[in-house]
Amino acid sequence: MSFEWLTEWLPFTFYYLMALLLFLANFAAWASILFLIPGNWIMVLFSALFYLFMPEESGKGISLTVLVIAILLAGLGELVEALGSSAGAAKKGASRRAMILALLGTFLLSVMGATVATPVFPPVGTVVGAILGGAVGAYLGAYVGEAWKGNVDVDRMEISRAAFVGRLLGVVGKLAIGVVILVMLTIDSLI
């Protein structure tokens with residue numbers, strides 16, 4: 001009995017198994033954006049490792065061009081998140097303390113929101129809980145920061161609202177850019 005078919009079948013199967021693992025790892029990295037983890041950069045790292053260890057053969061594999069575009073998009077995602085999260089609050093006159101506490105509140109309440117909402121609405125609850133929890137955390141952090149600082153010259157509620165809206169817009173923008181990176185890398189690895 002000849003097993004020549006096995007030697008031809010294994011490399012093909014191994015490649016697509018690795019591409020599937022890359023997709024799953026990149027999807028998990030994308031989801032980590034909700035918790036202030038730089039998921040877009042993690043996707044770029046995983047894909048760069050795939051590029052190094054699974055070189056292009058017969059048209060399959062991640063191209064260097066797509067990897068460079070993913071790097072540029074990850075940088076754009078960070079810029080969108082940073083501008084969205086703090087620009088609105090800073091524009092309203094937020095102190096540095098308020099912005100730092102807004103960031104801390106974002107992290108803590110996004111984790112808490114996901115934890116509370118996951119059992120209630122399993123797949124969707126995690127995402128919604130993390131996004132809304134992060135936005136509420138930004139609101140509370142900015143408000144507490146301004147109150148702690150003792151600023152009476154600024155409108156704490158206005159600054160807090162700006163931090164809330166900015167956080168929502170920033171994370172949604174970064175998630176959208178992350179989806180583009182995820183789809184682009186997945187298609188390039190499979191074709």
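Tutor: **Salt bridges and their setting**

In this predicted model, Arg167 and Glu81 form a salt bridge, with their closest N and O atoms 2.9 Å apart. The pair joins distant parts of the chain, since Arg167 belongs to helix H6 and Glu81 to helix H3 (residues 64–91), 86 residues apart. Arg167 counts as buried because its relative accessible area is 5%, under the 20% cut-off. Glu81 is buried too, because its value is 10%.

Glu81 has a further partner: its side chain meets that of Lys174 in a salt bridge at 3.0 Å, N to O. This pair also links distant parts of the chain, with Lys174 in helix H6 and Glu81 in helix H3, 93 residues apart. Lys174 is buried, as is Glu81. Glu78, Glu81, Arg167 and Lys174 are linked in a network of salt bridges.

The count for the model is five salt bridges. One of another kind of setting is the pair Glu158 and Arg161, whose side chains meet at 3.0 Å, N to O. Both residues lie in helix H6, three residues apart, about one turn of the helix. Glu158 is partly exposed because its relative accessibility is 28%, and Arg161 is partly exposed because its relative accessible area is 40%.

As for the chain around these pairs, it has six helices and zero strands. Of its 191 residues, 38% count as buried. Contacts between residues 24 or more positions apart make up 76% of those with a separation of 6 or more. The radius of gyration is 21 Å, whereas a compact globule of 191 residues would have one near 16 Å. The C-alpha trace spans about 85 × 35 × 20 Å along its principal axes.

Helix H6 (156–190) is also part of the cover over helix H4: together with H5, it is included in what covers the buried residues of H4. Those buried residues include Ala98, Leu101, Gly105, Ser110 and Ala117.

On the surface, Val120, Phe121, Val124, Val127, Val128 and Leu132 form a nonpolar patch with about 530 Å² of accessible area together. Helix H5 (residues 122–149) gives the most to this patch, with four residues. Val124 lies in helix H5 and is exposed, because its relative accessible area is 55%.

Technical notes: Residues numbered from 1 in each chain as written. Predicted model: local features only at pLDDT ≥ 70, side-chain atom pairs only at ≥ 80, totals over all residues. Heavy atoms only, no water. Patch = residues over 30% accessible without salt bridge, like charges linked within 9 Å, V, L, I, M, F, W, Y side chains within 5 Å. Areas by Shrake-Rupley, 256 points an atom, 1.4 Å probe, with all protein chains shown as cover. Salt bridge = Lys/Arg side-chain N within 4 Å of Asp/Glu carboxyl O. Helix = DSSP H or I, 4+ residues; strand = E, 2+ residues; numbered from the N terminus. Buried < 20%, exposed > 50% of the residue type's maximum accessible area, 1.4 Å probe, protein only. Rg over C-alpha atoms; globule rule 2.2 N^0.38 Å. Contact = heavy atoms within 4.5 Å.
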